Amino acid sequence: MSSRNLLLTISPFLVAAGPCATISRGADALEAGFAVESYLDGLNEPTAMQFDPEGRLFVAEKSGKVRIAMRGQLRDEPVIELPLYDFFECGLSGMALDPNYDVTPYLYICANVSADEQQIIRYRIVNGRGVEQTVIRGNIPSGGTIHNGGCLRFGPDGMLYFSVGDNGTSDNAQSHNTLAGKVCRITPTGDTPSNNPFSTGTGAHSAIFALGFRNPFRFCFSADGRLFLADVGSFGDGRREEINLVHSGMNYGWPTKEGAASDTSSDGFEPPIYDYSLEGQCIAGILSYKGSNFPTAYRDNLFYLDYTLSKVFRIQLEGNTVASQSLFVQAEGSTVDISEGPDGRIYYCEITTGEIKRIGYSANNTPEPGADLAGDDWGGDTAVGNENDNANDNSTGNGPNGSIFDVLCGAGTASASLIPLAALILIGMPLRRQRNRQSAKRTGPVHGGSGPIRSRS
Ligand SMILES: [Ca+2]
């Protein structure tokens with residue numbers, strides 16, 4: 001067993017703290033003046049999160065729910081609930097709120113509706129509930145197990161960007177005939193913008209924005225509009241976790257080339273701005289800090305997550321060059337997403353503890369997100385358009401059984417003795433049980449076309 005795999009066997013499952021309990025465990029890694037707190041718990045495999053402008057927190061759960069919380073308290077009733085194909089890395093992996101949410105309160109998710117297909121689905125939010133379920137982009141490839149990618153973010157240009165992993169077939173990353181192994185760019189209604197780099201005016205693959213990625217699990221935009229992307233590394237001596245500065249039309253090398261941030265030779269591939277292996281195992285989150293809770297020296301720093309080590313790292317940039325890199329927080333339960341609150345604190349999501357934690361600078365008495373909201377004000381529009389479209393109102397439950405966590409942990413209940421096997425997948429361990437996926441039920445809305453999927457049975 002390699003040291004990398006050995007580490008997986010001791011990845012911690014820890015008892016969840018109550019909301020806003022101070023975490024002492026991470027204190028050793030914290031820089032002076034910072035504190036880590038538990039902000040929200042009781043989640044079932046949270047994968048992605050984002051605050052709305054008024055301070056409500058939306059959280060995606062892997063098996064198919066989006067939850068909503070206010071001031072660290074989770075509402076029982078989900079925003080949406082979909083039966084999904086959630087085997088191994090599949091499920092609900094990405095989520096974004098409309099950049100003009102105050103005016104157009106839309107929620108977008110990226111999710112597996114089958115083993116073969118991911119979709120980007122849009123909802124209008126009415127009183128904190130998703131209605132008018134609309135598939136804006138279907139036929140996004142999935143391998144059914146590993147390397148889905150699945151990050152979903154709006155860019156400063158108002159376009160919707162999403163990432164797709166190589167689906168476990170590395171050559172996909174260099175092919176223009178598939179979205180696998182790519183960063184893609186579409187309009188908020190799912191069309192292909194005419195100024196995409198490979199746009200032909202027709203065809204799904206004109207959505208490609210950049211190529212040559214293995215499993216680009218998360219990306220972010222900086223305040224000045226740069227796109228930083230975390231690409232999960234492979235196995236063996238050459239494996240490198242990468243942070244890439246993604247430009248339109250460029251090729252980031254996988255599988256021909258991995259890592260080599262220091263390599264300035266021209267081979268047609270854009271090198272990462274940072275890559276690593278020894279100090280980490282699986283890069284699984286990235287944020288460019290824009291807020292004002294942290295001291296000014298932290299503004300525009302990159303913070304990235306290593307999933308396997310459950311750590312938050314800090315990078316200081318000089319231009320596009322990495323000036324320093326350091327451990328910032330020792331987290332606990334397999335970190336998968338990092339986000340900034342409207343309060344300027346940094347929030348991160350742990351899939352195995354089911355918690356959202358946050359990092360704050362203690363000297364800055366920043367107001368709590370949502371502090372002035374009424375307790376029953378869940379946001380979005382106040383008028384329901386068509387109640388029959390309420391996607392939340394379905395009777396099919398939490399989605400298919402048979403996910404890796406169901407199998408190992410008993411319907412998502414974490415156990416200290418069990419290995420988070422999703423870790424093996426995120427970092428791309430060759431998956432010998434891949435062909436056994438027929439054991440996972442396909443009870444989700446399996447279809448290959450566009451048009452709304454219906455969550456009612
Ligand atoms: Ca690369």
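The following dialogue examines how terms are applied to a predicted model.

Guide: In this predicted model, local features need pLDDT of at least 70, side-chain atom pairs count only at pLDDT 80 or more, and totals for chains, interfaces and linings use all residues. Residues are numbered from 1 along each chain as its sequence is written.

Visitor: What makes a run of residues a strand, and how many strands does the chain have?

Guide: A strand is a DSSP run of E with at least two residues, and a helix is a run of H or I with at least four, numbered from the N terminus. On that basis the chain has three helices and 25 strands.

Visitor: How do you know that β1 and β25 pair?

Guide: Two strands pair if DSSP finds at least two bridges between them. Between β1 and β25 (residues 355–361) there are six bridges, in the antiparallel sense, so the two strands meet the definition of a pair. One of the bridges joins Val 36 to Ile 359 in β25.

Visitor: Why are β1 and β23 said to stand at the edges of the sheet?

Guide: The open sheet has four strands in the order β1-β25-β24-β23, with antiparallel pairing. β1 (34–40) and β23 (335–340) each have a single partner strand, so one side of each is left without a neighbour in the sheet.

Visitor: What makes a residue buried, and what percentage of the chain counts as such?

Guide: A residue is buried if 20 or more other C-beta atoms, placed from the backbone, lie within 10 Å of its own; it is exposed if 12 or fewer do, and partly exposed in between. Of the 457 residues, 52% count as buried.
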